[in-house]
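Subject: Structure handover

Hi there,

Here is the structure I promised to pass on. Please have it open while you read, and my notes follow just below.

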Amino acid sequence: MVDDSTLFHIAERFGTPTYVYDLEAIRRQIVTLRGVLPDADLRYAVKANPCGTVLRAVAGAGVGAEVITAGELERALRAGTPPERLLLGGPGQDRDLITRAVEIDIGLVSLDSASQWELWRDRPIRSTRFLVRVNPGLDPRTHDHLATGAASSKFGLPRAEATELAADVAKVGLLAGFHVHAGSQVSSLDVYDEIFALLIDLYAGFSDLALLNIGGGFTVPCFPFSGFAERVVAFAERFGLRIVIEPGRSLVAEAGVLLTRVIHIKEGERRHLIADAGMADLLRPALYGASHPIRLLGGGRGEPRAQDLDGPLCENADRLGQDVLLPVVDRGDLLVVGEVGAYGYAMASNYASNLRPAEVVVDGPSIALARRREKPEDLWRLEGG
Ligand code: LLP
């Protein structure tokens, strides 16, 4: 990881709040994942961190991309991902997005509904092959917002409808297999046992399927990758399938930190550290109650005590951490919020006309600004009047 003196230097040079990504850490994660699943086809879920420099590093390591919007598709292409290494998913594929995907002869498409297939079926399809997304209707034991595999969620199709759609696609020779994404921050291997129990019948019903896309969603930190690999490899071998995975968070989360400076301290019932970063820079604590490791840059002195790390905006949810154990913190000190390389900047907003942070990339000895901090004029640049 990026050492403390480099982080001090980055805060000095680029200001705060600033996201810092360690490209070598991302490359190491790719190597680790390939070690666990050597034959799998990796498609990075671009939504986790769409920063151009990060995407170029991922594409440069030969990892494909999972995209769900026109913006993600263009970003991935721009970063050098070849069209055949792109997988288009998501419930919102519309005519324009499909037209563009056909034009580039995209490699894989995950169909979320029969209605999507209606928009695809009459297109001049060349190399594109299709997966049918199954809703496994299970409890992925994660936060409600992240439980995309729950029966009540909008994603994929229940078994009977998935079989019907798959049969339609197979009829024209374009079916590659099925896709299941159980949810995000999934940590229990039982979830996969349930998924494979469901997939057996689906795969047994079709011959000559080539792929199994088991999604992403591996929790950070400490997903039990070897137990996962055992299960997915056993299933894939049984049906002669190549495994596709769509990791987002597990490739980039731990490679990113958010540097923020304490601008005020208030004592009262609780000790509030008012920082220059809040929910508009890092939404996860407010939206999911997520807890990110927070530390004082450079260590510190004194007994650790519980303190709240609050943001600069005007609502209670504008908070990065509650009861965080920190040593003595003074005004002007720098704090490091960890595990924010995924869904950090990606979900930052201009709420309250917040100026989104800078993104800095460290690659060995090189330190580079990947995206500058926004200026007030960026806020109205797109306005007509
Ligand atoms: N594949 C599909 C079909 C997905 O929907 C997702 C994430 C992924 C792969 C990648 O999942 P990952 O490996 O990153 O967990 N904003 C939330 C996460 C939402 C994830 C949505 N789908 C958060 O901050 O936790």
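This is a predicted model: local features need pLDDT of at least 70, side-chain atom pairs count only at pLDDT 80 or more; totals for chains, interfaces and linings use all residues.

Peptide bonds and backbone angles

What sort of peptide bond joins Thr16 and Pro17? A cis one, with omega at about -5°. A cis peptide bond also joins Val220 and Pro221, and there omega is about -5°. Pro221 sits in the loop between strand 8 (211–213) and helix 9.

Two residues in another loop deserve a look as well. Ala352 is found between strand 15 (334–337) and strand 16 (358–363), and its phi is near 60°, a positive value in a residue other than glycine. Ser353 lies in the loop between strand 15 and strand 16 too; the phi of Ser353 is near 55°, again positive in a residue that is not glycine. I picked these out because most residues other than glycine have a negative phi, and most peptide bonds are trans.

The ligand

The ligand is surrounded by 18 residues, and the closest are Ser184, Glu246, Arg249, Arg284 and Tyr343. In the side chain of Ser184, an N or O atom is 2.3 Å from an oxygen atom of the ligand. Gly248 takes part through its backbone: one of its polar backbone atoms is 2.9 Å from a ligand oxygen atom. On the nitrogen side, a polar side-chain atom of Tyr288 lies 2.8 Å from a nitrogen atom of the ligand. How much of the ligand's accessible area does the protein cover? The figure is 91% of the 580 Å² that the ligand has on its own.

A pair of helices

Finally, helix 8 (residues 189–204) and helix 9 (residues 225–239) have axes that come within 10 Å and cross at roughly 5°. Angles under 35 degrees count as roughly parallel, so helix 8 is roughly parallel to helix 9. Among the residues that meet are Leu189, Phe196 and Tyr203 in helix 8, and Phe228, Val232 and Phe239 in helix 9. By class, this contact has 11 nonpolar, one polar and three charged residues.

Note on methods. Residues are numbered from 1 along each chain as its sequence is written. Side-chain values use heavy atoms; hydrogens and water are left out. Axes are lines fitted to C-alpha atoms, for helices over the stretch in contact, and angles run from 0 to 180 degrees between N-to-C directions. Helices (H or I, at least four residues) and strands (E, at least two) are DSSP runs, numbered from the N terminus. Angles under 35 degrees count as roughly parallel, over 145 as roughly antiparallel, 65 to 115 as roughly perpendicular and the rest as oblique. Contact means heavy atoms within 4.5 Å. Ala, Val, Leu, Ile, Met, Phe, Trp, Tyr, Cys and Pro count as nonpolar, Asp, Glu, Lys and Arg as charged, and the others, Gly among them, as polar. A residue is near a molecule or strand if one of its heavy atoms lies within 4 Å of it. A polar contact is a pair of N or O atoms within 3.5 Å; within protein, one must be able to donate a hydrogen and the other to accept it, and residues adjacent in sequence count only if both atoms are side-chain atoms. Accessible areas come from the Shrake-Rupley method with a 1.4 Å probe; for residues, only the protein chains shown count as cover.
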